[in-house]
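Please consult the sequence and structure shown here alongside the text.

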Amino acid sequence: NLEMEGSAISDHETISGSECIKRIRSELDLSQERRMLALVRSANDSPDDLALYNSRAHGYMPKVPLRGISVREMVSPLWTKRFPKRASEVSNESDEEMSRIASIENLRDLTLISPAELLADLKEIDNLCVKNDSSEMKDKWPVIWDKLHQLKGDIQSVNVDDEFSDTIILIEALRGDSAPADFMSKWLRIRSHVFSHFCSRSSDE
């Protein structure tokens, strides 16, 4: 999803990313659209979600850790389905290219979400939670939940070896129309886990 924000909380609006893809495709002429491979990458993977994504885009990719050759293996069938003729022309790649891809796979720090982006997610939610007033929390909750959901998706992108599985479960437990009474204690646990993970990584390097 794409988030559009104004100066006030009430100006916050979330726009469906898959709907944007659908509109962009409809605006292109046929020759342009035929050259396009548009994929939705999302943490939502229910049958209804997948059916919606596939109706609006050319395919779906789960929001899981993606590294080197894993990206190639995931995109390859979608590319082949979309461009069968082109795929057959480039199917015989050199051993050197395959070796290069394999070396990328071994770079464990190669992810689609950087530590800085995750820490920025934490800061945004912190800023929304500065004043823990129950009335303000009620008004802010839709925005806070959108940010938490975004954080969950970003964490899933780097959840190598299930390092963040407990954090993901904690975030999902907050899902609802209003903030739970123990929201702040749960948020501090989530924040601490993410922050301490990257601090420990920095000290190891």
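The points below are grouped by topic, after a short note on the model.

The model is predicted: local features need pLDDT of at least 70, side-chain atom pairs count only at pLDDT 80 or more, and totals for chains, interfaces and linings use all residues. Residues are numbered from 1 along each chain as its sequence is written, and side-chain values use heavy atoms, leaving out hydrogens and water.

**Overall architecture**

- The protein chain contains ten helices and four strands, where helices (H or I, at least four residues) and strands (E, at least two) are DSSP runs numbered from the N terminus.
- The order of elements from the N terminus is β-β-α-α-β-α-β-α-α-α-α-α-α-α.
- Of the 205 residues in the protein chain, 31% are buried; buried means under 20% relative accessible area, exposed over 50%, and partly exposed in between, with a 1.4 Å probe and protein chains only.
- Contacts (heavy atoms within 4.5 Å) between residues at least 6 apart in sequence join residues at least 24 apart in 55% of cases.

**Helix H1**

- Ser18, Glu19 and Ile21 are the buried residues of helix H1 (residues 17-27).
- These buried residues fall within an arc of 155° seen down the axis of H1, so they line one face of the helix; the arc is that of the directions from the helix axis to the C-beta atoms.
- Arg23 and Glu27 are exposed on the other side of H1.
- The buried residues of H1 pack against strand S3 (39-42) and helix H3 (47-56).

**Nonpolar cores**

- The largest nonpolar core has 23 residues, and Trp141, Ile144 and Phe183 are among those with the most contacts inside it; such a core is a set of buried Ala, Val, Leu, Ile, Met, Phe, Trp, Tyr and Cys residues joined through side-chain atoms within 4.5 Å.
- Helices H7 (115-128), H8 (134-157), H9 (165-172) and H10 (183-204) each supply at least two residues of this core, and the largest share, eight residues, comes from H8.
- A second, separate core of seven residues includes Ala38, Val40, Tyr53 and Tyr60.

**Aromatic contacts**

- The whole structure holds four aromatic pairs; rings of Phe, Tyr and Trp (its six-membered ring) pair if their centres lie within 6.5 Å, with planes under 30 degrees apart counted as stacked, over 60 as edge-to-face and the rest as tilted.
- The ring centres of Trp141 and Phe183 are 5.3 Å apart with planes at 80°, so this pair is edge-to-face.
- Trp141 lies in helix H8 and Phe183 in helix H10, 42 residues apart.
- Trp141 is buried at 1% relative accessibility, and Phe183 is buried at 2%.
- Ring pairs link Trp141, Trp145 and Phe183 into a cluster.
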